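Subject: Structure handover

Hello,

Here is the structure I said I would pass on.

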Amino acid sequence: MHSLWNDSEASLFADALGQRVYTSRLLGRNPALVMHGGGNTSVKTHVPDLFGRMQHVLYVKGSGWDLATIERPGFTPLRMDAVLELATLEQLSDVDMANALRTASIDANAPMPSVEAILHALLPYPFVDHTHADAIIALTNTPNGREHIERVYGERVVIIPYVMPGFKLARLVYEEFPKQAHDGTVGIILLNHGIFTFGATARESYERMIALVTEAEDYIAQFPAADHAPTGEPPAFNPAELAEFRAQVAAAAGFPVIITAHDDDHALAFARRPDVTEVAQQGPLTPDHVIRTKRLPLVGRAVAAYAEAYRAYFAAHADRAAAPLTMLDPAPRVILDPAWGLLTIGRTAGEAQIGADIYQHTIDVIETAERLGGYRALPPEDIFDVEYWDLEQAKLRKAGSAPEFTGEIALVTGGASGIGRACVDELLARGAAVVALDVNPAVEGLIAKPGYFGVQCDVADEAALTGAVSAAVRRFGGLDMLILNAGIFPAGKRIADLPLAEWDRVLRINLDANLALLSQTHPLLKRAPRGGRVVIVGSKNVPAPGPGAAAYSASKAALTQLARVAALEWGGDNIRINTVHPNAVFDTGLWTDDVLANRAQHYGMTVEQYKTNNVLKIEVTSRDVARLVAAMCGSAFRCTTGAQVPVDGGNERVI
Ligand code: ZN
């Protein structure tokens, strides 16, 4: 591990708080130190109040901020005297502590300060850094954790046994630190939790962190690494098998979930260890991971048994809390399976991703600890205390209702532009994870969100469709909603001049490709936890065709008929299929300003008149179509299948 300190970068952050921001970001850049909101930092300084009186203030990381991207407002300024006084209390509930810290802030708009604020205040150094470094956890989560730490650091660090983070930990440090600390003390090791370093400057504190963690890494390097190569290739991936598994997890959880599959060598080798049940079922690296990963992964696929064991764990420990507890859902968050490798589960794709990041590190640390004599996690009761922490339970009680499609997965064809793109945006906004297929390679980088997955794919190529569906299921675990939007609209040509090759090409893309995709996704849609939904983007040309568009009109009419038959065939599988018939949607790539002006002139209208040439005299946008598509996937249409709904501003020939 190397220091990332850079003089010219650092010079951009002049004052103490600026320096604090800078080195906090340096810590945040290294996932072997902190991940996803983990770790916290502080600086003590003096700032004037409104009357010009100097006050001693602790700026400590606020909750909701990530060290990697933290800014000045991410640090909560607390009056030092108010915080220090709290440490003199024998006892303090977490709820009272949270309130006392909140009211010690000199900025009413600052975030909730870190639960370790009191500990930061206690340490008599201007800068304090705290991480959950992998190498430190690997040393301490072993049968001889304390001995390893003493061998590496001697007397240079204060060693604190595990206690619950928050006030209990601050109180223990308040008692222990003065007894163990001396002039040469450079840090604190919290067994089964992490490390604190401190210094007179931001750089000193940060570089002590790097130096101490590097010493741990060097010590670990002396122990031979075991080689766990994956034994053979993974078996062929069957999307329906994973979708079935997702249905079981969703049933246990009580809500739909996203599942992300990782079958890289690292994950596979771990999942295939002969002793995986034993080494993986010890517990998380640090208790705070429990919120993301649950205490234990599921090894294998027995979801119901896992949920049963979780209920038993809750029942066994629920009386540890003073107030009655609400049980969290009993579904697993991490799965280890010899064929699938590592699966991570979340209510959203972002949660599944965080779970994966944490578990990849967990695998590393477990393997390192195994080299050092065996991985040992904290006993279940300590993990339970953090999982059912007052502050966490309060967050649950406060949590508002999630967007309607949270945990569900939609696939949109032709998703890179026009109506397809609008459907992607609308479904993402309503909480779904969305897979967009498009022949345009730009689809892959269209949206940078964990819930978006763009796949370049020519829908006319059946093998490419199979690959795209398989990739979609690996990424998100199944399929709940299918939006068949991709289509082509060739230049106008009368039947007498229409070559068969052009007719074939239009039907291939507008019709055949949809049949192929419907048939491929049926095994997934019928396993959707809330029932499958298909929405077909038809056309006004179905009820009201025009001359010069024979292939297009025929393809959309046949597609509409295909949807009606699918509605009949799939109703028993709880899959609804409905069709929208848009008309005159001009905010798509097809309709440039020039084309619009030309067409309007052709009909003797202004562009404005041409755009609103319908019964309601309104402009129909891609977003209008997308909102209808999303509504058809929602509960308002739960009793509707086989329907066709125009979205055209009203058309005299259709009405
Ligand atoms: Zn911590």
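The notes below cover the metal site and then the cavities.

This is a predicted model, in which local features need pLDDT of at least 70 and side-chain atom pairs count only at pLDDT 80 or more, while totals for chains, interfaces and linings use all residues. Residues are numbered from 1 along each chain as its sequence is written, and side-chain values use heavy atoms, with hydrogens and water left out.

Metal site. Three NE2 atoms, from H130, H132 and H193, coordinate the zinc ion at 2.1 Å. Donors here are N, O and S atoms within 2.8 Å of the metal (3.2 Å for Na, K and Ca); water is not among the atoms, so sites may look incomplete. The spacing of the donor residues in sequence is H-x1-H-x60-H. H130 and H132 are both buried (under 20% relative accessible area, 1.4 Å probe, protein chains only).

Cavities. A search of the whole structure gives two cavities of 30 Å³ or more. A cavity is a set of points, on a 1 Å grid over the protein atoms alone, where a 1.4 Å probe fits but cannot get out; lining residues have an atom within 4 Å of a point. The volume is the space filled by probe spheres set on the points.

The largest cavity has a volume of about 80 Å³, and its lining includes F489, K493, E502 and Y552. The second largest cavity has a volume of about 60 Å³. It is lined by 13 residues, of which P284, T293, K294, R295 and Y359 are the closest to its centre.

Regards

Technical notes
Buried < 20%, exposed > 50% of the residue type's maximum accessible area, 1.4 Å probe, protein only. 1 Å grid on protein atoms, 1.4 Å probe; cavity = no way out; pocket = protein on both sides within 12 Å on 5 of 7 lines; lining within 4 Å.
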